[in-house]
Structures are given as C-alpha cells and as structure tokens.
Amino acid sequence: MKNKSVKQKQAILKKLFELFDRFSKEMDRACDEGCAVCCTRNVTLTGLEAKFILDELNNNEKDAVLTRIVKEHHKNRLIPKTTINELAKICMNGEEPPEEFADPLWGECPLLSNQKCMIYDLRPFACRSMISKKRCDVTGFAEMDEYMVTLSNVFMQYLEHIDNDGYFGNLSDILLLEGDKGKYGSAIPDENILVNKQLEILMVPPEHRERITAVINAIQKI
Ligand code: SF4
C-alpha cells in the first residue's frame, strides 16, 4: 500500500466501511439512537481514519472537534500497546500479548455531545463495529456475537494494512496529532503512538473460517 496516495487509501477505507455495513447487516443488533454506553474514552483508530475524519469536516466542525479533544486530553484513556496486526503475530507465535488497560469508568468519549456523536457519519471503525446483541443502556455493557468479533477483527486488520506506513493510537492522541500538526504518515512514534503493521495472518478461529470466506473475497476485490 506504500505506493498508493492518501486519496486512494481513503477511497479504499470508504469501501471497507461499506462492505462492513453490508456484511454486518445480518447480525443481531440492539444498538439504537440515544444509547451511547460504548462511547468511552478508549476508542482507537488509525492515522488514515483520523485524516479522513478531519478532511471531511468543514473548518467550524473541525475546530469544534479539536477544541473538545484538547480540553479533555489530560484525562485517562486507553493507550494501546499493540496494533491488531501485531497482536495477530504475537498469537501466531504462541506468545503472551501485553496486557491492555482500559476502564470504561474513565468517562465518555470527548466527541459525545448530548448523547450524540459529533462525527457520527465519519466515526472510526472501532465505533462502527461495536454492535451489541442487547441494549447496553440496560445491561451496562456491550454483548457482541462471537462471529461479530471475528468479522470486526478481520476488517480492522485490513484497515491497518491499508495504512501500513501510518500509525495507530487512542482517538484523542491521533486526532490531535493529525489536526494539530497534519502529520499523516510521518509521525514519530512515542509512548502513545504505534506504527501500523502489514497484515501477515488473519485472526479467524476455525469455526468461522467458512463463514468469513465471502467477506475476505469481497475485501480482496477492492
Ligand atoms: S467517535 Fe462518536 S461513536 Fe465513536 S465513541 Fe466517540 S462519540 Fe461514540
């Protein structure tokens, strides 16, 4: 993907979102407007997704989003230790992945305003794929179908792969980095920012291999 322009990668990103919508339609979902229990400070995304969000917003919207992020940036949030393609490799090698620490009680996503997402149509894949079988505002947590987790992981792995010269991290850190400095694809990794990796092995358990084949074929045709 290194020879593709940002615009070409963004076009692939949009197609991946469309394909995910198509393949996730069949899943049980209780998610509805007004429920934002899963909108925590622990959402992650790639630099390509952050650039896509900021490119699509007008100046006023962008200012509003970045102002919220800056205001809340000192608060606790998930700082991921691995990307999903790194995690897949760690598992493939039979190694123990590092422990990730994320507490939903750290509070809501900085982009949640009056229980509504400020960037709903542009939201990161991590938000799109949080599809719960039961109302989280009743149970207090999302309950995802096991196949839904596999479907989501596969898309997330391809999302990282198409941005494999970019970076990955918490929504606040990556949006701020991109919005403040416009550093798409050239960030210097630090303790908050990871470098994306190429896809080497898909995280698909044996029981989902047959069912996911049509999805993988469709992704590979993009
Ligand atoms: S970006 Fe939007 S959908 Fe995602 S967690 Fe934040 S408020 Fe919720």
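A nonpolar core here is a set of buried Ala, Val, Leu, Ile, Met, Phe, Trp, Tyr and Cys residues joined through C-beta atoms within 7 Å. I kept in mind throughout that this is a predicted model.

**Entry 1: the core**

I looked up the largest nonpolar core, which has 40 residues. I asked which of them touch the most other members. They are L13, L16, F155, Y158, L159 and I174. Next I checked which elements supply at least two residues each. The list runs α1, α2 (47–56), α3 (59–72), α4 (84–92), α7, β4 (167–170), α8 (171–181) and α9 (209–220). Helix α7 gives the largest share, eight residues. In soluble globular proteins, nonpolar side chains tend to be buried together.

I then followed L16. Leaving aside neighbours within four places in sequence, L16 contacts F155, Y158, L159 and I219.

**Entry 2: α1 against α7**

How are these two helices oriented? Helix α1 spans residues 6–24 and helix α7 spans residues 146–162. They pack at an angle of about 175°, and their axes are 10 Å apart. Angles over 145 degrees count as roughly antiparallel, and α1 and α7 are therefore roughly antiparallel to each other.

I listed the residues that meet. From α1 they are K9, I12, L13, L16, F20, F23 and S24. From α7 they are L151, F155, Y158, L159 and I162. By class, this contact has ten nonpolar, one polar and one charged residues.

**Entry 3: around the ligand**

I looked up what surrounds the ligand. The residues are A36, C39, V43, C109, L111, L112, C117, I119, R123 and C127. Nine residues of this shell are nonpolar, none is polar and one is charged.

S113 sits in strand β2 (residues 112–113).

N114 lies in the loop between β2 and β3 (116–117). Its phi is near 50°, a positive value in a residue other than glycine. Most residues other than glycine have a negative phi, and I flagged N114 on that point. N114 counts as exposed because it has 6 C-beta neighbours inside 10 Å.

Q115 is in the loop between β2 and β3. It is not a glycine, and its phi is positive, about 65°. I found 12 C-beta neighbours inside 10 Å of Q115, so Q115 counts as exposed. The cut-off for exposed is 12 or fewer.

Technical notes: Residues are numbered from 1 along each chain as its sequence is written. This is a predicted model: local features need pLDDT of at least 70, side-chain atom pairs count only at pLDDT 80 or more; totals for chains, interfaces and linings use all residues. A residue is near a molecule or strand if its C-beta atom, placed from the backbone, lies within 6 Å of it. Ala, Val, Leu, Ile, Met, Phe, Trp, Tyr, Cys and Pro count as nonpolar, Asp, Glu, Lys and Arg as charged, and the others, Gly among them, as polar. Axes are lines fitted to C-alpha atoms, for helices over the stretch in contact, and angles run from 0 to 180 degrees between N-to-C directions. Helices (H or I, at least four residues) and strands (E, at least two) are DSSP runs, numbered from the N terminus. Angles under 35 degrees count as roughly parallel, over 145 as roughly antiparallel, 65 to 115 as roughly perpendicular and the rest as oblique. Two residues are in contact if their C-beta atoms, placed from the backbone, lie within 7 Å. A residue is buried if 20 or more other C-beta atoms lie within 10 Å of its own, exposed if 12 or fewer, and partly exposed in between; C-beta atoms are placed from the backbone.
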